[in-house]
Every structure is written in structure tokens, then in C-alpha cells.
Amino acid sequence: FWCASATAQVVDWDGSINVVEVDYEGLERTDRPWLVNLLNLTLPTAFSKAEVELLRRKISTLDVFSRVNYRVDKIVGSDFKLTFLVEEKWTTIPVIRGAYGGGTPLRVLGGYDIHTFGKRIIVGAEGRKYGDSPTGYVAYLRAPYIARGNYYLGLEAWRDYRERATYDQDLEQEGTLKNNLVRLRGQLLNKTGYERKGTRPLWWGLDLTFRKHLKQAIYQPAEDSSVLAYEARRPDAGENVAFVYPTVLYDDVDIDNIQMKGFRSILRIGAVVDQNATYPQGDFEQFYFSRLGGGYYLAWHYYLSAANRSAYDSQTFLGGLDSVRGIPDGALRGTKATYTNLEVRRIFARYRYLWLQHVVFTDAGAAANEWGQLKDNRASSVGTGIRFAIPQVHRLSLRIDYAWSLDGSGSQGISAGLNQFFQPYRPL
């Protein structure tokens, strides 16, 4: 950037000003040339206050700064310097998670960094152990700002020993399903030219998953269970399965530390190819965040999936681990599934290194192998929780939730983990 040498004077302004220099104070881990290239500013140029605020929001939404402000200095004559004042977050995050008290016990240990090389590249790995199955693992990479933010790349490699408890309509355990497979996933998205409110929120691309079942999944009936065989096909040992999803993504979420505003929609409609045939399959996911006033925020999540393939790896499993709190993980399952989560959040205490957020929520979901059976295979719950967030660290928030079922079963549960229960940009 061209730099004028003169005595700077902090100014306020109306209308537009001629900005001849842009600078950034507070960059330590962030790669300055990468940030300059991402913002792609042509100088000199005229800026209104609204345009500077839009640029500030774009920097804040990178989600690697706990604070982003700006200052305008008059250099000489009608020339001005715009300086962004940032405070970086710590972005290397441990992953420690567990699920007990309903369904298959789960222990997760790992970590990730969302700002590898100072260029907003996400690299992470986890070990996952379900029940008494061997420990599986996953390594992944996300590059959401390739070519000045015009491309998104995601890669995952799994060694999966997933174990699931299965249940009847009364939430009595029928058995346990254990798989043994390798899974590879790749995503490539391209930002379109569609513009809204100064941003380009619409993406399109392809999501590919390849699974190789090293052994046929094992079904073990529970003691005294009358269900001696699993209702869906279990792919044979050595069988390969490919999931091919053309994808459309709309994303206009603004991020201001742990608060969000806007919505994000993901539509994937494609096909699954196995040794028998090709089957249509797809899903839709929606996030919405809004400020309600009085310090309250609304957070809403919705998910819908549908498959025509009668195999367990095309089923969706619902429960307290990641969909409907207060019921055992895997309590509902089927090739047709839908669930929703609604939370009202409020930060009730702010300290320099700790924010406390209270949450009340309701979850509901249904899953079955036929659309007409959804009404007979559903569950809902309500609950409350608290978040202990460290604003200087990327999404480091300890979550504790207590939920109880509304279906009369008496099911309830406490879940704890890092980060919000649902979030639009979870690493996995």
C-alpha cells in the first residue's frame, strides 16, 4: 500500500472519504500478506462508514479475532488512512468429550487449529472410542478461504469402529450394532457471483464420500430381546459404497465472538452407489441466529434426510449425542429422519477472561423407514444449560446441558462438552 508521511489526525466523517492506505494493528499469528490478499482492496478508493463497517464485519467473521475495531486518520489534504485494530484469539483447541448415561458410551480425545500457518486453514485429528470397540480415529483438513475466499476445500479420513445401541418404541434396548470400515470424504465448493448486502453468500459444488466395509457390521441382540436380526441390510465384508452429493450452500452468518446473526442453509441431493444398484439420497440443513433484544439471542437448527436404500449406513440415528437431548443416542433411526433444536441464549455475566451464558432449549425429532411412520417414531425434550466461554480463545466454551423427555418415558440426561450443542461451523 502507498504510505504518505505526515502527521496523522484521528477524524470522524460523513459521506465518503478517500482512503489511500489500509493498515492492521495487532496481527501476530495472522499472515499479513494472506489477509491483504483475501480482502483484495484497490487503493486509493472512496469509503463510506457503511462500507468500512461491512469490511470490519468481514474481518470479524473470519472468527480468529476476539475484537475488531477501526480508526481513521487524516494524512494530508483529502487523503486518509484506515487502520483496523484487532485482537487475536487463541485458535488451537483441545477436543475432550464424553457421553454416558444412555446409549453407547463415547470418549473423544483430540484437537484442532483453525488458523494453521496464520491463513485460516483448519487441521485436526481425534481418537474416538465407543463402548468396548477398538479406538477409531479421524484426521481432517478444511481450507475455507482458497483463492481470496472463492473456493472451499474439505478433506477427511476415518478409521471407524462405530458402535450403536438400538432401541424399540419404548426406549428399551434391542441390541448393539458395530461397524468396521474406512471412510474418505472430500468437499469442493465454489462461491457464485450472486451478491446480497455487499457479500456473496451462495456456493455450489460437490461432496463425495467413499466407504469400504472391512468387515460386515455385527448385530448383537440385547439380553432377553426378541429382535434377533437388524432390520436393514448390513453391507458385506469388502463392499465399497460411494455417496455423491451435488451441493448448494447459502451462508450469510455474521460472527461477533460467540454471538452470531444470520442464516446458513445446505442442500445436498445426489445418489448412493453400492454393489447392488444406485439409489437417490439427500439431506437439508438450516441454521438461523437472531438478536431478540435485552441481551437475548435466538438460535435455531433444522435437519431433514431421506434415502431409498435399505442399508444401515443410509439410516439416520437420533439421540442425545448430537440431535435430540434427553433420550439415548440412537433411540430413533430410519432412512427418513428430521429433527430440530431451538435455543434462547443470554450472556448474563462478562469478565475479561470468562463469559457466562444461560440457555433454555427444546429439541424434537422423528425417524423411520417410511414417511408415514414418522408420527409413531418421534421424541421431544426440553431443558436448560450453561456455557462457560473464554472470549480470547476460538469457540472454547464448556457446555453443560440437562434435558428431560416430553414423551412420558421418563428419559433424561446430562450432556457436557466443548462448544455449543449445534453450530454451523463445527470442525466435524
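This note sets out the main features of a predicted model, from the overall chain to its aromatic pairs.

1. Basis of the values. The model is predicted, so local features need pLDDT of at least 70 and side-chain atom pairs count only at pLDDT 80 or more, while totals for chains, interfaces and linings use all residues. Residues are numbered from 1 along each chain as its sequence is written, and side-chain values use heavy atoms, with hydrogens and water left out.

2. Secondary structure. The chain contains two helices and 25 strands. These are DSSP runs numbered from the N terminus, with helices (H or I) of at least four residues and strands (E) of at least two.

3. Overall dimensions. A compact globule of 428 residues would have a radius of gyration near 22 Å, and the 24 Å of the chain agrees with this. The radius is taken over C-alpha atoms, and the globule rule is 2.2 Å times the number of residues to the power 0.38. The C-alpha trace spans about 85 × 45 × 35 Å along its principal axes.

4. Of the 428 residues, 51% are buried; buried means under 20% relative accessible area, exposed over 50%, and partly exposed in between (1.4 Å probe, protein chains only). Among contacts with a separation of 6 or more, 57% are between residues 24 or more positions apart, a contact being heavy atoms within 4.5 Å.

5. Aromatic pairs. The structure holds eight aromatic pairs. Rings of Phe, Tyr and Trp (its six-membered ring) pair if their centres lie within 6.5 Å; planes under 30 degrees apart count as stacked, over 60 as edge-to-face and the rest as tilted. One cluster, linked by ring pairs, consists of Tyr24, Tyr70 and Phe84.

6. Trp34 and Tyr145. What is the arrangement of the aromatic pair formed by Trp34 and Tyr145? The pair is edge-to-face, at 6.4 Å centre to centre with 85° between the planes. Because Trp34 belongs to helix α1 (residues 32-39) and Tyr145 to strand β9 (residues 136-146), the pair ties together parts 111 residues apart in sequence. Trp34 is buried, at 11% relative accessible area, whereas Tyr145 is partly exposed, at 26%.

7. Tyr219 and Tyr230. The ring centres of Tyr219 and Tyr230 are 5.8 Å apart and their planes lie at 45°, so this pair is tilted. Tyr219 is in strand β13 (residues 202-221) and Tyr230 in the loop between β13 and β14 (240-251), eleven residues apart. Tyr219 counts as buried at 10% relative accessibility, and Tyr230 counts as buried at 9%.
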